[in-house]
Amino acid sequence: MNKTKFLLILLFIVIIIFFVFLLSYKDDSENKNYVRFVDSTERLEIESIFPITDYAGKMTEISKDGKNIYYSFKIKNYSDKNSKYRILLKEKKHKNSISDKYVKVLLSDGKDQILSKYDKDSYLTLDCLDKKENSYILYKSSLASGKEETYILRLWISDNYKEDDLDRVFDSELIIYSY
């Protein structure tokens, strides 16, 4: 009888754990659009491929010459609950696109504090990032209901890139995916 009672208690605990897990599971297969940009986003394009050092890329501020990107953006959770989100960079491929192994990326918060994933001596190239549905995952986090976050994205061309005679370009857009 003691063994039967133990098995029943164990089965009951397993069932409770199963239901708790089932209720806490969030489906991330569909963009729920809970977290969105506060202002509309822009197309991010590096038109004049000009390699620079990581130090210069990190120090980049607003670029008017098209040689690199400094983009500040704000997101907000418009849902009434805590929501998870991903900041994605979707590259638009062209016949003259530069390889993603030469595009460096640096993401920092609104106070320009580099996020830990990017805090290195040698900043990440796009080909080092995880991908989801043909987009690079720049960052994953969650945001409480009604809260806002500001980020600064810097993109530049690695100084390992050897210029050629072709007119190269890097064309992309930022996307927020929330669930």
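Visitor: What is the bridge partner of arginine 43 in β10?
Guide: In this predicted model, arginine 43 has glutamate 173 as its bridge partner in β10.

Visitor: Over how many bridges do β2 and β10 pair, and in which sense?
Guide: There are four bridges between β2 and strand β10 (residues 170-178), and the sense is antiparallel.

Visitor: What order do the strands of that sheet have?
Guide: The order is β2-β10-β4-β8-β7, an open sheet of five strands with antiparallel pairing. Its edge strands are β2 (43-46) and β7 (131-132), each of which pairs on one side only.

Visitor: Let us step back. How many helices and strands does the chain have?
Guide: The chain has two helices and 10 strands. Their sequence from the N terminus is α-β-β-α-β-β-β-β-β-β-β-β. Of the contacts between residues at least 6 apart in sequence, 81% join residues at least 24 apart.

Visitor: Now the aromatic residues. How many aromatic pairs are there?
Guide: The count comes to six aromatic pairs. One of them joins phenylalanine 37 and phenylalanine 73 in an edge-to-face arrangement, with 5.8 Å centre to centre and 70 degrees between the planes.

Visitor: Which parts does that pair tie together?
Guide: Phenylalanine 37 belongs to strand β1 (residues 35-37) and phenylalanine 73 to strand β3 (residues 69-77), so the pair ties together parts that are 36 residues apart in sequence.

Visitor: And tyrosine 71 with phenylalanine 73: how are the rings arranged?
Guide: Tyrosine 71 and phenylalanine 73 are stacked, at 5.8 Å centre to centre and 20 degrees between the planes. Tyrosine 71 is buried, with a relative accessible area of 10%, and phenylalanine 73 is buried at 4%. Both residues are in one aromatic cluster that includes Phe37, Tyr139 and Tyr151.

Visitor: Is phenylalanine 12 buried or exposed?
Guide: Phenylalanine 12 counts as exposed because its relative accessibility is 54%, and the cut-off for exposed is over 50%. It is located in helix α1 (residues 2-24). Together with Ile9, Ile13, Ile16, Ile17 and Val20, phenylalanine 12 makes a nonpolar surface patch of about 580 Å².

Visitor: Which residues does arginine 168 touch?
Guide: Leaving aside residues up to four places away in sequence, arginine 168 touches Glu47, Ile49, Lys95, Asn96, Ser97, Ile98 and Tyr161.

Key. Residues numbered from 1 in each chain as written. Predicted model: local features only at pLDDT ≥ 70, side-chain atom pairs only at ≥ 80, totals over all residues. Heavy atoms only, no water. Contact = heavy atoms within 4.5 Å. Patch = residues over 30% accessible without salt bridge, like charges linked within 9 Å, V, L, I, M, F, W, Y side chains within 5 Å. Areas by Shrake-Rupley, 256 points an atom, 1.4 Å probe, with all protein chains shown as cover. Salt bridge = Lys/Arg side-chain N within 4 Å of Asp/Glu carboxyl O. Buried < 20%, exposed > 50% of the residue type's maximum accessible area, 1.4 Å probe, protein only. Pairing = 2+ DSSP bridges. Phe/Tyr/Trp six-rings, centres within 6.5 Å; stacked < 30°, edge-to-face > 60°.
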